[in-house]
Amino acid sequence: MTQIKDSWKAKGYVDEPVPQGVDLKAEIRRMCKEKNAIILAHYYTEGVLQDIADFVGDSLGLAQQAAKTDADIIVMCGVHFMGETNKILCPQKKVLVPDLNATCSLAESCPADKFADFVKAHPGYQVVSYVNTTAAVKALTDVVVTSSNAQKIVETFPKDAKLIFGPDYNLGNYINAQTGRQMVLWNGGCHVHERFSVTKLVELKKEHPGAKVLVHPECRGAVVKLADVVGSTAALLKYAIDSPCNTFLVVTESGILHEMQKHCPDKHFIPVPPDDSTCGCNECNYMRLCTLEKVYNTLRYEWPEIEVPAEVAARAIKPIERMLELSK
C-alpha cells in the first residue's frame, strides 16, 4: 500500500472540510441520483454509513452487487481491496473509496512478491486465496473465496488435490478441520479477529449462560472451539435473525452489531472484547477511516478513484469470476 498512499499524496489529496449547514445524508443521496452512483457498505463500517448505503453486506455480497449493478459510479465504503475487487469486476465503471489509507491488515500480511515465492516453492499446487487480498495476489490465484463460501469451494476440488490457502491461517486451519483437507497455509491474520480474548469470552459465557456464541472463522482456534455458531458476517446475522435465542455473544468486528440490532431490536447483542481492552469494542481502525464527510466529498469530486493495472486485472478477474460462478 505504500506506493498507493504516496501516489495519492503527490496528487494533493486532502480531507476538505464540509461546508457548514450541509445535510450530508440528503446531499449524498441527491448526488447518487444525479450521478447514477451506488453506495456499497461493508458490515464493519459505521452504522451511519450502513444506513445511507444502497446495499450492505459481506465481501461475497458486495462483489455480487458490484458485478450486476448498472450504476456508473460505485462508492465502496470499506477497505481498499474491496474497491479493487469492484474495479476488476467493473472495469468500465468509476470505483471510488473514500479513503485510500483504508487498507487491510490481512491483505497487508501477504505481500504479492513473497506469496509468489511461496507458490513457486510448492509446484503442482493450486492456489485458493481469501478475498481479503490485493489484486496482485488474486492474480496469482486459481480461485478466490470468502468466509461465506470458502468451505463449499474448497470441497469442489478432488480430495487428493494439492492446495495452497492464503492468507488467513485461522480460516484455512478451520476449513482443513471441517473438510479433512491438508491445505498448505500462508501464515497471515486479521488484526481484529486475532485479538479476541478467550478469557473474557469464558467470563461472558458464565455471566450469560443462555447466550449463543457467534464466531467468525478468522478467529483463533481456541476462540472457535467456544462457538455455538461459526460463520461469515452474513451467516452470523442470519442466524441471529432466525434464532429463537434472545442473547448473543458476538465475536467479530463490532460494526455488525448495527445490522443485528436493526433487524432484531428486541434481542441483546454483547460484543466480546479483545485481549488488550476492558471494553467490548473490537473495531477495525481501517474501516473506521470511512466517514460520512468523506463519502460526501468523494461523491462531490468523484475522487479518490481506484485504479488496477490492466495486466493485473486481466489475471485477477478469472479467479474472482470462478468464485462467483461456484457461489451461485
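**Note on helix packing, buried sites and cysteines**

1. The axes of helix α2 (residues 24–35) and helix α15 (residues 292–301) come within 10 Å and cross at roughly 30 degrees. Axes here are lines fitted to C-alpha atoms, for helices over the stretch in contact, with angles running from 0 to 180 degrees between N-to-C directions. Helices (H or I, at least four residues) and strands (E, at least two) are DSSP runs, numbered from the N terminus. This is a predicted model, in which local features need pLDDT of at least 70 and side-chain atom pairs count only at pLDDT 80 or more, while totals for chains, interfaces and linings use all residues. Residues are numbered from 1 along each chain as its sequence is written, and side-chain values use heavy atoms, with hydrogens and water left out.

2. α2 and α15 are therefore roughly parallel to each other; angles under 35 degrees count as roughly parallel, over 145 as roughly antiparallel, 65 to 115 as roughly perpendicular and the rest as oblique. α2 passes α15 in a left-handed crossing, meaning that the near helix is turned anticlockwise from the far one by less than a right angle, whereas clockwise would be right-handed. On the α2 side, the residues in contact (heavy atoms within 4.5 Å) are Leu24, Lys25, Glu27, Ile28, Met31, Cys32 and Lys35, and they meet Leu292, Glu293, Val295, Tyr296, Leu299 and Arg300 of α15. By class, the contact of α2 with α15 has eight nonpolar, no polar and five charged residues. Ala, Val, Leu, Ile, Met, Phe, Trp, Tyr, Cys and Pro count as nonpolar, Asp, Glu, Lys and Arg as charged, and the others, Gly among them, as polar.

3. For α5 and α16, the axes come within 9 Å and cross at roughly 95 degrees, so the two helices are roughly perpendicular to each other. Thr85, Ile88 and Leu89 in α5 meet Ala313, Ala316, Ile317, Ile320 and Leu324 in α16. This contact of α5 with α16 has seven nonpolar, one polar and no charged residues.

4. Seven of the ten residues of helix α4 (residues 59–68) are buried, so α4 is largely enclosed by the rest of the structure. Buried means under 20% relative accessible area, exposed over 50%, and partly exposed in between (1.4 Å probe, protein chains only). The buried residues of α4 are Ser59, Leu60, Gly61, Leu62, Ala63, Gln65 and Ala66. Their cover includes the strands β1 (37–42), β2 (55–57) and β3 (73–77), and the helices α5 (80–89) and α16 (310–326).

5. Asn132 lies in the loop between β5 (126–130) and α8 (135–138) and is buried at 10% relative accessibility. Leaving aside neighbours within four places in sequence, Asn132 is in contact with Ser59, Phe81, Cys104, Leu106, Ala107, Pro167 and Glu218. Thr133 is in the loop between β5 and α8 and is buried at 0%. Not counting residues up to four places away in sequence, Thr133 touches Phe81, Glu84, Ala107, Lys138 and Pro167.

6. The structure holds zero disulfides, a disulfide being a pair of cysteine sulfur atoms within 2.5 Å. Cys90 is in no disulfide, and the nearest cysteine sulfur, that of Cys32, is 16 Å away. Cys90 counts as buried at 5% relative accessibility. The sulfur of Cys110 is 11 Å from the closest cysteine sulfur, in Cys104, too far for a bond. Cys110 is buried, with a relative accessible area of 1%.

7. Lys120 is found in helix α7 (residues 112–120) and is exposed, with a relative accessible area of 66%. The C-alpha atoms of Lys120 and Thr179, 59 residues apart along the chain, are separated by 25 Å.
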